[in-house]
Amino acid sequence: MAGWVWRTAIAAAAMVMAGFASAQPFPAKAVHILVPYPPGGGVDVLTRTLAEAVSKTWTQSIVVENRPGAGGVIASQAIATSAPDGYNLIMVASGHATNPFLYPKLPYDTFKDFSPISLLASSPNVLLVRADSPFKSVGDVIAAAKAKPGSLSFAHAGNGTSTQLAGELLKSLAKIDLNAIPYKGKKVMGLEP
């Protein structure tokens, strides 16, 4: 937890310094940050935390807008077609980099139309079960999946996300059949997708 807070502070300081170094003060108007996922998830919370920290230094507001859908393509297209003036940003996760390999035709070029600014956080994937589950190890899950192929499912954040790819890797390495279930979002802290 402390690592992402530190990286957020560094990114905020870099944004502030960029404003001091430019010919005219930056920002001179509101900055918009798109989040290509539903409200309440990790990327949304990180973006809002960053926006709150930076807005205390800047004299302009930072508007965080959730534009979920199509594995992040909707928000990414909006940024790719926006003015390249630094006032429109996007907070992406691993799905942004995998989309060119999942979608035969994107309305933008992932590698040419975007410039990364900073790595703000990293998030490990963790395999979890309920505390009262009979599974106490990955070995238990694998054994159950081999005993009844197709009887177990795993949830993931959408096609091409790190959680989906981690599940597919587990299936491949363990030679098991698991049902991959993508979720659109969830209600977190009173927020609806």
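Phenylalanine 26 has a relative accessibility of 23% and therefore counts as partly exposed; in these terms, buried means under 20% relative accessible area, exposed means over 50%, and partly exposed lies in between, with a 1.4 Å probe and protein chains only. Before I continue, please note that this is a predicted model, in which local features need pLDDT of at least 70 and side-chain atom pairs count only at pLDDT 80 or more, while totals for chains, interfaces and linings use all residues. Residues are numbered from 1 along each chain as its sequence is written, and side-chain values use heavy atoms, with hydrogens and water left out.

Let us stay with phenylalanine 26. Which kind of peptide bond joins phenylalanine 26 and proline 27? The bond is cis, with omega at about 0°. Proline 27 belongs to the loop between helix H1 (2–21) and strand E1 (31–35). Helices (H or I, at least four residues) and strands (E, at least two) are DSSP runs, numbered from the N terminus.

I turn to the aromatic rings. Rings of Phe, Tyr and Trp (its six-membered ring) pair if their centres lie within 6.5 Å; planes under 30 degrees apart count as stacked, over 60 as edge-to-face, and the rest as tilted. By this rule there are 4 aromatic pairs. One of them joins phenylalanine 26 and tyrosine 87: it is tilted, at 4.8 Å centre to centre and 45° between the planes. Phenylalanine 26 lies in the loop between H1 and E1, and tyrosine 87 in the loop between H3 and strand E3 (88–90), so this pair ties together parts that are 61 residues apart in sequence. Tyrosine 87 counts as buried, at 9% relative accessibility. Together, Phe26, Trp58 and Tyr87 make up one aromatic cluster.

The next topic is backbone angles. Most residues other than glycine have a negative phi, and most peptide bonds are trans. Alanine 70, however, has a positive phi, near 55°. Alanine 70 is placed in the loop between strand E2 (62–66) and helix H3 (73–80), and is partly exposed at 41% relative accessibility. Lysine 175 also has a positive phi, near 55°. Its loop runs between helix H6 (162–174) and strand E5 (178–182), and lysine 175 is exposed, with a relative accessible area of 69%.

Finally, consider helix H6. With 13 residues at 1.5 Å a residue, H6 should span 18 Å, and its end C-alpha atoms are 18 Å apart, which agrees; the expected span is 1.5 Å times one less than the number of residues. Which residues of H6 are buried? They are Gln164, Gly167, Lys171 and Ala174.
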